[in-house]
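This short report looks at a few residues of one protein. Please keep the sequence and the 3D view open while reading.

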Amino acid sequence: MGGGTEAFPDLGRHCQLSDCHQLDFLPFTCHACHKVFCVEHRSCKSHECPKADFNSRKVLVCEICSVSIETTGCKNEDDKAILQKHEKSGDCDPKKKKKPTCPVKRCKGILTFSNTSTCKTCQIQVCLKHRFPADHACKRNSSSSQPLVKDLKEANKFLTALVARSGNDCGNKSRPSSSHPTNPSVKAC
């Protein structure tokens with residue numbers, strides 16, 4: 001089926017989906033089956049393309065060295081066999097293993113000596129951006145009761161010292177204690 005109109009017969013193409021045949025002036029050609037489709041049926045999923053995995057790639061990641069191994073052309077081989085072949089090839093070097101990253105979702109921060117913080121509550125190592133319990137969905141472990149007791153003791157010492165001061169030595173006493181300030185305040189509405 002060609003395309004176009006009576007006046008311009010070479011303009012546009014008809015969608016090659018059997019239920020559609022819509023005339024489209026900006027048609028799309030499928031990269032897998034090389035048929036022409038309208039904007040509605042341009043994706044492989046929408047026109048149920050029989051060759052949808054034509055350009056798809058499959059990759060395995062080695063747990064020893066963190067190297068990506070493409071397995072697109074290896075249809076007959078098992079994933080374990082491909083990983084074993086990689087280990088025996090001499091390319092697998094544990095020194096290439098990637099450094100640990102922050103466990104917070106969507107964070108790709110690498111945990112280095114200067115960028116690592118251990119949460120006092122849950123004992124998880126996170127990057128400095130997520131060092132506060134509210135930033136990394138902190139969950140209190142049963143083994144973390146000791147740091148909590150220590151924090152309570154320090155807070156108790158602070159409150160005891162605050163009560164002992166009873167208002168003495170708080171601020172500068174040389175200020176005039178007039179009820180009306182010398183500079184009038186202005187409210188902004």
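## A proline in a loop

The model shown here is predicted. P50 is found in the loop that runs between β4 (36-37) and β5 (59-61). P50 counts as exposed, because its relative accessibility is 71% and the cut-off for exposed is over 50%.

In sequence, P50 and A32 are 18 residues apart, and their C-alpha atoms are 8.4 Å apart in space.

A disulfide is a covalent bond between the sulfur atoms of two cysteines. How many disulfides does a search of the whole structure find? The search finds 0.

C65 is in no disulfide either, and its nearest cysteine sulfur, that of C62, is 3.7 Å away.

Are C49 and C65 buried or exposed? C49 is buried, with a relative accessible area of 9%. C65 also counts as buried, at 1% relative accessibility.

## Positive phi angles outside glycine

R106 is not a glycine, yet it has a positive phi of about 70°. R106 sits in the loop between α1 (79-88) and β7 (116-118). With 76% relative accessibility, R106 counts as exposed.

Q123 is not a glycine either, and its phi is positive, at about 65°. This residue, Q123, belongs to the loop between β7 and β8 (125-127). Q123 is partly exposed, as its relative accessible area is 42%.

Methods. Residues are numbered from 1 along each chain as its sequence is written. This is a predicted model: local features need pLDDT of at least 70, side-chain atom pairs count only at pLDDT 80 or more; totals for chains, interfaces and linings use all residues. Side-chain values use heavy atoms; hydrogens and water are left out. A disulfide is a pair of cysteine sulfur atoms within 2.5 Å. Buried means under 20% relative accessible area, exposed over 50%, partly exposed in between (1.4 Å probe, protein chains only). Helices (H or I, at least four residues) and strands (E, at least two) are DSSP runs, numbered from the N terminus.
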